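I opened the model to go through its salt bridges, its sheet and its cores. These are my entries.

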Amino acid sequence: MDSKKAELDRVDRSLLRALSTNARASGAALAAEVGVAESTVSLRLRRLQTLGYIRGFRVDIDLAALGASLQALISVRLVKHARGEIDAFRDAAPHLPGVIGLFHMAGADDYLLHVAAHDASELRDFVLTHLTGHPAVAHTETNLIFEHADGDGWHELVKE
């Protein structure tokens, strides 16, 4: 059994579920929802962060409201699987303009990039400038995202 999993009790799991609904909830609101003292919430949150269960708190920005209404998933296949080239691509890709996320994949493709752009021209320029011109990249395939819905099925993983 995973040592981290064994360390979570009902209070920890309840806090994780509550934070997944509202990461900005106050200590008092979390304490009331979970049924513990506010000081316990504070201690538990610090502990969950130290153990790595909580990696951070993020804001969900509507990129379309900022004018970046086009999103795509771009699969990337590398030329060869030399450790240095893999590491170099992996280190650089998350910081390329418009990149929302990077996934290292098993299968035919090596990486999947989630990218946002203002329009098709900007997306094309991204692919041409940053991917097809990269010495480690052999092939790319761009798939446009028409709609995205956040999932909550992962909540089952923090059940008691």
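I took a salt bridge to be a side-chain nitrogen of Lys or Arg within 4 Å of a carboxyl oxygen of Asp or Glu. The model is predicted, so I kept to the limits set for it: local features need pLDDT of at least 70, side-chain atom pairs count only at pLDDT 80 or more, and totals for chains, interfaces and linings use all residues. Residues are numbered from 1 along each chain as its sequence is written, and side-chain values use heavy atoms, with hydrogens and water left out.

Entry: salt bridges.
I searched the whole structure and found seven salt bridges. I looked at Asp-12 and Arg-44, whose closest N and O atoms are 3.0 Å apart. Helices (H or I, at least four residues) and strands (E, at least two) are DSSP runs, numbered from the N terminus. With Asp-12 in helix H2 and Arg-44 in helix H4, this pair links distant parts of the chain, 32 residues apart. For exposure I used relative accessible area: buried is under 20%, exposed is over 50%, and partly exposed is in between (1.4 Å probe, protein chains only). Asp-12 is buried, at 0%.

I then checked Asp-9, which also forms a salt bridge with Arg-44, the closest N and O atoms being 2.8 Å apart. Asp-9 lies in the loop between helix H1 (3-7) and helix H2 (10-21), and Arg-44 in helix H4 (residues 38-50), so this pair ties together parts that are 35 residues apart in sequence. Asp-9 counts as partly exposed, at 31% relative accessibility.

Elsewhere I noted a salt bridge between Asp-109 and Arg-77, 3.0 Å from N to O. Asp-109 is in the loop between S2 and S3 and Arg-77 is in strand S1, so parts 32 residues apart in sequence are tied together. Which residues does a network of salt bridges with shared partners join? I listed Asp-9, Asp-12, Arg-44 and Arg-47.

Entry: sheet.
I counted strands as paired if DSSP finds at least two bridges between them. Four strands form an open sheet in the order S2-S3-S1-S4, with antiparallel pairing. Its edge strands are S2 (99-104) and S4, each pairing on one side only. S1 (residues 70-78) is joined to S3 (residues 111-117) by seven bridges and to S4 (residues 137-145) by eight. I followed Ser-75 to both sides: its bridge partner in S3 is Leu-112, and in S4 it stands opposite Glu-141. Ile-74 stands opposite Thr-142 in S4.

Entry: cores.
I defined a nonpolar core as a set of buried Ala, Val, Leu, Ile, Met, Phe, Trp, Tyr and Cys residues joined through side-chain atoms within 4.5 Å. The largest core has 20 residues, and those with the most contacts inside it include Ile-74, Leu-78, Phe-89 and Phe-126. The elements giving two or more residues to this core are S1, helix H5 (83-92), S3 and H6. S1 gives the largest share, five residues. A second, separate core of 14 residues includes Val-11, Leu-16, Leu-45 and Leu-48.

Entry: domains.
I took the domain bounds from an automatic or database domain assignment. The protein chain is divided into domain 1 (10-51) and domain 2 (63-145). Their centres, taken over C-alpha atoms, are separated by 36 Å.
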